[in-house]
Amino acid sequence: MTSKQTHTQNEPLTLYFIYDSHCPWSYATTPVVAELMNAFDYSDVHLLHCAHFNGSDAPKKAQIDQVSALTKVPFSDAYLKGLNKKMSSIKTANFMSWVQSKQADKEFELLKALQQQHFVEANPLDSRADFDKIINQYKLSPSNKVFKDAISHEAESVLAGIAEIGEAIGTNAFPVLVMTSGDQAIFIDHSKFLSEPAAVIESVKQELAALS
């Protein structure tokens, strides 16, 4: 394993990842996030679920084709066959906000597990039963309110934080990757690293050096 980089300015580093669990582009960006998390020491990491998919639409086949052409993340045939069905990521947003407050050390690992469930095992993640495998595997105990159809209070707080970040960087698009060093911010263009996630490390090191 590559040793983590020490930030020469000694300013605290914070990483922000705005995503949707049911978004193919967010799924494709997760390996880039993994490289960043392995390479640098952070005072804090914020994984922020934007709950874009509310049951009114679904990713399009053209999006999946674009992601598949650029990245190595897998999509199962079962998932592809279900693309005509409308999707909701609200319960996953609620679940991840609960994880953030109760088991933050497992948050990124759980995000990757949920993406595996959704995009490979074709799990819609739209009922409590859909989460049982992961709940049991990680010995979690979320309350039933996490799995209601409405956004939870905790997830609403996450959405408020996302809105603030969107206003600061001038976009509501997602996925978004931002790293802060002290009171300075670096916007990381994830699209440049989808085919080679490890390349993000050198790019960010150069960005951090430019801040000094």
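Tutor: Four strands form an open, mixed sheet in the order β2-β1-β5-β6. Strands here are DSSP runs of type E with at least two residues, helices are H or I runs of at least four, both numbered from the N terminus, and two strands pair if DSSP finds at least two bridges between them. This is a predicted model, where local features need pLDDT of at least 70, side-chain atom pairs count only at pLDDT 80 or more, and totals for chains, interfaces and linings use all residues. Residues are numbered from 1 along each chain as its sequence is written, and side-chain values use heavy atoms, leaving out hydrogens and water.

Student: Which strands stand at the edges?
Tutor: β2 (44–49) and β6 (184–188); each has a single partner strand, so one side of each lacks a neighbour in the sheet.

Student: In what sense do β1 and β2 pair?
Tutor: Parallel, over six bridges, with β1 covering residues 13–19. Ile-18 has Leu-48 in β2 as its bridge partner.

Student: New topic: how many salt bridges are there?
Tutor: Five, counting a side-chain nitrogen of Lys or Arg within 4 Å of a carboxyl oxygen of Asp or Glu. In one of them, Asp-149 meets Lys-91 at 2.5 Å, N to O.

Student: Where do those two lie?
Tutor: Asp-149 is in the loop between α6 (128–137) and α7 (153–169), and Lys-91 is in helix α4 (residues 90–102), so the pair ties together parts 58 residues apart in sequence.

Student: And is Lys-91 buried or exposed?
Tutor: Buried, at 6% relative accessibility, while Asp-149 is exposed at 60%. Buried means under 20% relative accessible area, exposed over 50%, and partly exposed in between (1.4 Å probe, protein chains only).
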